[in-house]
Amino acid sequence: MNQDWGYGINKDRQIDFDRNDRRLAEYIRKYVPSYKLCISCGACTATCSTANLTDFYNIRRLNIFLMRGEIDEIAKHIDKCMFCGKCELVCPRGVNTRQVILIMKEGIKKIKQNEQL
Amino acid sequence: MKKHVFIIGGGVAGAEAASQLVKMGFDVTLAEKETQIGGKLNQWDRLFPSKRKAAEVLDFINKNLVDSKARVLFNTEISKISKQNGGYKIYAGIEECTADAILISTGYDVFNARIKEEYGYGIYENVITSVDLEEMFRNGNKIFNSNKEEPKRIGFVHCVGSRDEKVGNHYCSQVCCVTAVKQAMEVKEILPRAEVYCFYMDLRMFGLQFEDLYRESQEKWGVNFIRGRVSEAAENIDGTILIKVEDTLAGRPLKMKVDLLVLMVGFVPSAGTTEIGKMLNLDLTPENFLKPADEHLDTSSTNLKGVFIAGTCKSPKTIADTFADARAATLKIKEFLEGSEK
Ligand SMILES: Cc1cc2nc3c(=O)[nH]c(=O)nc-3n(C[C@H](O)[C@H](O)[C@H](O)COP(=O)(O)OP(=O)(O)OC[C@H]3O[C@@H](n4cnc5c(N)ncnc54)[C@H](O)[C@@H]3O)c2cc1C
Ligand code: SF4
Ligand code: SF4
Ligand code: SF4
């Protein structure tokens, strides 16, 4: 079955908004409503030691992946946060950033265990 | 007998309203706490959008005011205002005046950049504000850092004290984006070899000619724009400033050493605006500016009969909008004093 035919079907690069998985996004919006206010200014990334030293997708990028429903990307990165809270100090929109990470972790765990969100 | 209008604050708004009201046939007294007319304009060198000298606009309002022969009280603040016979009694400095109507044009203050401690204003010598930069322009276009050297790289930080939950100011101050673009071009004019960077969250070029200024700054002057909010600034041993930002379009954190960092400070209601508002118990907007009676239909009246407002005591504004607003207020005052207003 697993024969290599030398060609395959390329997954296109578009964000498919009709199909994306909004479960985690809705969950976060419900429990950390301040995340709705993110304007993607990047101050959190700029100040985040983890984002400066590793390929950690900080709060800003996580929000973009969240809105696109790319939960796997989030799951790959989320454990890198050290909960230092610096991002929260600089956020001009008052996003409760550490709560975002906590609730995201919780949501991802539930999704992995096929629990209802 | 001529009706008397008392104006508090002699910036663009108060001075223009005074000369217009005299033309309409009213007696006018203008109280200004400083020794000169013009308010903030006295601190600016050249103005957007046309880069004309602020002094030209100042000459215009000063000449009109002198020609109008409106009574001007300098060095005068208001200690008390009380109601009297359907009008008001105003204690202005050592004088007591009665007035049939009051116009408040006490303007704005710039945001105190020291509050945003993470940018280091007042701590690092090479962090200055847009107001300080105007002063350098006025003093013969000499731009130096603290070592008296010409800066090779200059950064402008947008939205300092505006659009920021952390300092309690949610609103946009409207003019600082275009001011940054104007100042960036002026810096390039004086120091053609310097690199200039603007760090912004959104560029708000709302005026008809503002987008052209933005284009000109890129096309003619090579000003660079990086989309990201600066999170903090730190001082290097040599006095240069290290800033941290995310280049959000590249999706990567970025650090940069600049020789001079300019903070684009926003608008807050002036101390005088807050004080007079309190004195008269005027309604305030959620941003603590003075609130107009109606946001569309009557932006010159207040919750108090006979008390009117004009200029930046109501909201951030350009000079052109301040002029227009002052003239609108004079019409409303005329309507009120001539009894056509119900
Ligand atoms: C850095 C910077 C650059 C700018 N550049 C431009 C530009 O290039 N072009 C442009 O269109 N706009 C520019 N602006 C905006 C411009 O400064 C304002 O539109 C204008 O000054 C508003 O005038 P105003 O009369 O409302 O207020 P103000 O200029 O603040 O005048 C208020 C007056 O009231 C007086 N006053 C206050 N309290 C009392 C009191 N209790 N009793 C008596 N008097 C009192 C004050 O002393 C002052 O004279 C700039 C703003 C900033 C911050
Ligand atoms: S709390 Fe996490 S995301 Fe925020 S600055 Fe610290 S490590 Fe970075
Ligand atoms: S600092 Fe706040 S508003 Fe800016 S990108 Fe981060 S979470 Fe969003
Ligand atoms: S005009 Fe520009 S710099 Fe000023 S507060 Fe608005 S967005 Fe920020």
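**View 1. Ligand 2 and the residues of chain A around it.** Around ligand 2 sit Cys48(A), Thr50(A), Phe56(A), Asn58(A), Cys81(A), Met82(A), Phe83(A), Cys84(A), Gly85(A), Cys87(A) and Arg98(A), where a residue counts if one of its heavy atoms lies within 4 Å of the molecule. By class, this shell splits into seven nonpolar, three polar and one charged. Here Ala, Val, Leu, Ile, Met, Phe, Trp, Tyr, Cys and Pro count as nonpolar, Asp, Glu, Lys and Arg as charged, and the others, Gly among them, as polar.

A word on the model: it is predicted, so local features need pLDDT of at least 70 and side-chain atom pairs pLDDT 80 or more, while totals for chains, interfaces and linings use all residues. Residues are numbered from 1 along each chain as its sequence is written, chains are lettered from A and ligands numbered from 1 in the order in which they are written, and side-chain values use heavy atoms, leaving out hydrogens and water.

**View 2. Ligand 1 and its surroundings.** Ligand 1 has 32 residues around it, and the closest are Glu32(B), Tyr108(B), Thr312(B), Lys317(B) and Ile319(B). Sort them by class and you get twelve nonpolar, 15 polar and five charged residues. For polar contacts with the ligand (N or O atoms within 3.5 Å), look at its oxygen atoms: one is 2.6 Å from a polar side-chain atom of Glu32(B). A backbone N or O atom of Val12(B) lies 3.1 Å from an oxygen atom of ligand 1, and a polar backbone atom of Lys40(B) is 2.9 Å from one. The protein covers 97% of the 1,000 Å² of accessible area (Shrake-Rupley method, 1.4 Å probe) that ligand 1 has on its own.

**View 3. Ligand 4 in chain B.** This time the neighbours include His158(B), Cys159(B), Cys172(B), Cys176(B), Cys177(B) and Arg204(B). In the shell around ligand 4, four residues are nonpolar, four polar and three charged.

**View 4. Tyr57(A) and its partners.** The ring centres of Tyr57(A) and Phe65(A) are 5.0 Å apart with planes at 20 degrees, so the two are stacked; rings of Phe, Tyr and Trp (its six-membered ring) pair with centres within 6.5 Å, and planes under 30 degrees apart count as stacked. Tyr57(A) and Phe65(A) are both buried, meaning under 20% relative accessible area (1.4 Å probe, protein chains only). Over the ring of Tyr57(A) sits the charged end of Arg61(A), 4.2 Å from its centre; the rule asks for NZ of Lys or CZ of Arg within 6 Å of the ring centre and within 35 degrees of the ring normal.

Key
Phe/Tyr/Trp six-rings, centres within 6.5 Å; stacked < 30°, edge-to-face > 60°. Buried < 20%, exposed > 50% of the residue type's maximum accessible area, 1.4 Å probe, protein only. Polar contact = N/O pair within 3.5 Å; in protein donor to acceptor, adjacent residues only side chain to side chain.
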